[in-house]
Amino acid sequence: MATTPEERSPESSPALAKEGGATEGSDPSPSPRPNTGSAGPTWLRGLFYAIWIVTLPFVLAILAVWLLTPAPGDASAGALRVFVGDQQIPSGIVLFTIFAMLAWHYRYELPLSSAISIGRKDVPPQARARYEEAQALVDEARRILKQNTREVEKGLRAAERERLEEALRGLEKVMTAETFDLAEFDAAHTRADRAVGEHLSRWRKGEMREYAESIGVAVAVALILRAFVIEAFKIPSGSMIPSLMIGDHIFVNKLTYGPLIPWTEKRLFSSLPPTRGDVMVFKFPENKEQDFIKRVIAAPGDTLEAINGRPIINGWLVPHCYVGRYGSDGWLYVEYLEDKSYFTLFAHDDTHPNGPDEPVCKGQEDCGIGQSCKAGICGHHQGPFKVGANEVWVMGDNRYNSHDSRSWRGGMGAGVPFENIKGRAMFVWMSFAPGGGIAQDRLFVNVMGRPKLPGGLDASLQAGLDKCMRERPPVSQTTPPPGRKLR
């Protein structure tokens, strides 16, 4: 069967036409074929966005966090710098978002934006969104024509392919003209949008597919963040009262010590051991299916003891300051370890009727039966425990009500292996009161920051806390002597 010239004409098929080839009805004047739909500009635009909208804000965020983080022991740092230093990950995310939004807002002014069809400086602000929609429309149409060449040839008549090509080239010509004409652009955009919708709709992504892809990307990003960057945990017990209350929900920074690779005990990178005083989440060594949260007290090479719940590291008693009575059944202190200051709670019981610091002693003869004299205090002695390599020993801030390193292995004591460590606590993002409702006083409490009293306590405790923080010894006096060297 004979075919008509129209059906044989390769120029009539945009999917087969060579770059810059003319079609019937197109402008015969010589003009360069706009490269909007070619593969080069598409990846160049992706590279442009990767550099200016992702990489530059990322670098600026890291630089800003580094500049704002105060030096260790800098007491003159303002509240903002202290927060950034304690919460580097959320601060970096916020700063990255701000820088990325600014870069996106001024993307038309960035170098090379016009050269690779990101935008045009002469496009009126009210038309910039439509200009980007037109660019996306052309890119989508060109991609469909390239990926579905045979299907398009079979599904569309030659005249339909020619009208589609004319509409696309007309839009490209207006978008790349030396002088931008808004009226011509709107007319060309409308024609091209109608032509693409009429002739290529069967190959375009459906609305449900776009929603599914967006949801899939969001879920993937959330899973990656949860696996490697940040994870939420709930506080189920009172072992860290009052630093963390039952019902607190916290975020944990997984980058601090190096994120664990899922389903393994290996890390992408390692930044261990944890620092003394860190509050960390880890897999309970005796049951790795269970997560614990405690405070790091002893590091590799240390020798740890405890007298009435007060830690002794390498023969040095960790100093603390009395805040006041906590309710009707406990004593509240602020303990100082290296550059950290945090609450410790000692509940009243028959074993410690006068608190953790009494009775005092000079020797064993000053203590009663079953008591030991350590660091000038008579009381219940635990240890000594030798901290091995690749582990840390932990204690709860609620010293008499915490299942921690002192009592593991049937009372023989044990540390937390590095491979069990998940991350360091950041801040409370939600908290529910015991009687129901949100505990608003707990929201955004910085776990590693300045101690903050829970609500509903005696007002005199705040005065005691302020006094203890004012009288905090220098870091040189709150750092234990070095432990034994490990091979």
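Author: What follows goes through the disulfides one at a time and ends with an annotated region elsewhere in the chain. The model is a predicted one, and a search of the whole structure finds three disulfides in it. With the bonded cysteines counted along the chain, the pairing pattern is 1-6, 2-4, 3-5.

Take C321 and C468 to begin with. Their sulfur atoms are 2.1 Å apart, and the two residues form a disulfide. The torsion about this S-S bond is about -75 degrees, so the disulfide is left-handed. C321 belongs to strand β8, which covers residues 320–325, while C468 belongs to helix α10, which covers residues 460–470; the pair therefore ties together parts that are 147 residues apart in sequence. Both C321 and C468 are buried.

Next comes the pair C361 and C373. These cysteines form a disulfide with their sulfur atoms 2.0 Å apart. Here the torsion about the S-S bond is about 95 degrees, so the disulfide is right-handed. C361 sits in the loop between β10 (340–347) and β11 (372–374), and C373 sits in strand β11 itself, so this bond ties together parts that are twelve residues apart in sequence. As for exposure, the limit for buried is under 20% relative accessible area. C361 has 11% relative accessibility and therefore counts as buried. C373, at 19% relative accessibility, counts as buried because it also falls under that limit.

The remaining pair is C367 and C378, joined by a disulfide with an S to S distance of 1.7 Å. The angle about the S-S bond is -90 degrees, and the link of C367 and C378 is left-handed. C367 is in the loop between β10 and β11, whereas C378 is in strand β12, made up of residues 377–379; the two are eleven residues apart, and the pair links distant parts of the chain. Both C367 and C378 are buried.

An unreviewed UniProt entry places the feature "coiled-coil region" at residues 131–162. In the model, the span of residues 131–162 is 91% helix and 0% strand. The C-alpha atoms at the ends of residues 131–162 lie 24 Å apart.

Methods. Residues numbered from 1 in each chain as written. Predicted model: local features only at pLDDT ≥ 70, side-chain atom pairs only at ≥ 80, totals over all residues. Heavy atoms only, no water. Disulfide = S-S within 2.5 Å. Helix = DSSP H or I, 4+ residues; strand = E, 2+ residues; numbered from the N terminus. Buried < 20%, exposed > 50% of the residue type's maximum accessible area, 1.4 Å probe, protein only. UniProt positions renumbered as here; feature names shortened; annotations may be inferred.
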